[in-house]
Amino acid sequence: MDYSQDKIVLKAESLKIHYHTQKGYVRAVDGIDLVLKKGETIGIVGESGCGKSTFGQGILKLLPAKTKYEGKLSVGKIDIIPLNEKEMKKVRGKVVGMIFQDPMTSLNPIIKVEKLFYETLREHEPGISFDAARERAARILEKVGIEPERMREYPFQFSGGMRQRVMIALALVLNPDIVIADEPTTSLDVIVQAQILELLDELRRSYDTSVILITHDLGVVAQMADKIAVMYAGQMVEQNVKNKIYYEPKHPYTKLLLKSIPNTNPEDLQLNFIPGSPPSLLNVPERCRFASRCPFRMDICEKEPPVFGIDGGQVKCWLYR
Ligand SMILES: Nc1ncnc2c1ncn2[C@@H]1O[C@H](COP(=O)(O)OP(=O)(O)OP(=O)(O)O)[C@@H](O)[C@H]1O
Ligand SMILES: [Mg+2]
């Protein structure tokens, strides 16, 4: 793909992804703007149910058939929303790879690892031989620290951390421009978690891959992300480079989210949490979606805030008008 213009690999503009349900549309992603550049890692953070996975899976259109997409979403020069299933198959794996939370459910446990690689490669390179696929698999497995001989085994014969390494290798074997990692380390213990993140970071550097790292864990994004986008109730409420988000957060939600990180400082052992809960995405208010929980609420918050540019980032909050 040719990114020579501005090296933008993904761009979402007023993107909406609404699930069709019996009760109406669930506005899981509701008007987000985001730009990802080549080689960059963006962390998408926010509470459970705010639409992070919907955004990630929506990029690959892995959502139920009646899901409604609006706005614009481009990956390189490909306009994603109008594509049909057959056209999406050419994008999945090849242009955008995906790493899921739980490799036990996303890797078929009764297909040998070598065959998983063969099938992934064959989808995009129909003529490839089993031996050539094994060769490619061996090279990438070595990079993720798994002995190539083990590709004769089944995923259930691997530990959780190793399965996640296999998953990463599968996501990278076609050398995609973007990898979406949705809670890639949530099911692992902290030590393996750190190793996997380190590996992912190392690989994305050597392949110059862009990464969308989805997590509710601000510690995970601290390790790896260049930029952070904070989601709340289907919208991006704040985006900026990592250090600005950590040290100079602007949006009241970002501030509270950072305070809610449990820490081991004995002086500050109370576990902070944000009182209240996000609005239902079936029926969202016209006002600022965070208003009902916001300590800085003003009269103007009855109107939905636009996105303001400040300090090199974007904040969707009236405090910065
Ligand atoms: N298939 C579906 N049909 C209808 N609503 C859905 C569907 N999948 C998810 N939702 C709803 O969409 C909203 C966003 O869900 P999503 O899974 O994207 O959140 P998330 O930020 O990834 O949460 P978590 O941190 O728990 O993984 C939630 O309100 C959820 O209930
Ligand atoms: Mg999720």
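**Exercise 1.** Which helix and strands each supply at least two residues of the shell around ligand 1?

*Solution.* Some ground rules come before the steps. This is a predicted model, where local features need pLDDT of at least 70, side-chain atom pairs count only at pLDDT 80 or more, and totals for chains, interfaces and linings use all residues. Residues are numbered from 1 along each chain as its sequence is written, chains are lettered from A and ligands numbered from 1 in the order in which they are written, and side-chain values use heavy atoms, with hydrogens and water left out.

Step 1: recall that helices (H or I, at least four residues) and strands (E, at least two) are DSSP runs, numbered from the N terminus.
Step 2: read off the suppliers, β1 (8-21), β2 (24-37) and α1 (52-59).
Step 3: note that α1 gives the largest share, three residues.

**Exercise 2.** Which polar atoms lie 2.8 Å from an oxygen atom of ligand 1?

*Solution.* Step 1: a polar contact here is a pair of N or O atoms within 3.5 Å.
Step 1: on the backbone, an N or O atom of G49 sits 2.8 Å from a ligand 1 oxygen.
Step 2: for K52, a polar side-chain atom lies 2.8 Å from an oxygen atom of ligand 1.

**Exercise 3.** Are V96, G97, M98 and I99 of strand β6 buried or exposed?

*Solution.* Step 1: buried means under 20% relative accessible area, exposed over 50%, partly exposed in between (1.4 Å probe, protein chains only).
Step 1: V96 and M98 on one side of β6 (residues 96-99), and G97 and I99 on the other, are all buried.
Step 2: look at the neighbour too: β6 pairs with β7 (residues 178-182) in the parallel sense over four bridges, where pairing takes at least two DSSP bridges.

Technical notes
A polar contact is a pair of N or O atoms within 3.5 Å; within protein, one must be able to donate a hydrogen and the other to accept it, and residues adjacent in sequence count only if both atoms are side-chain atoms.
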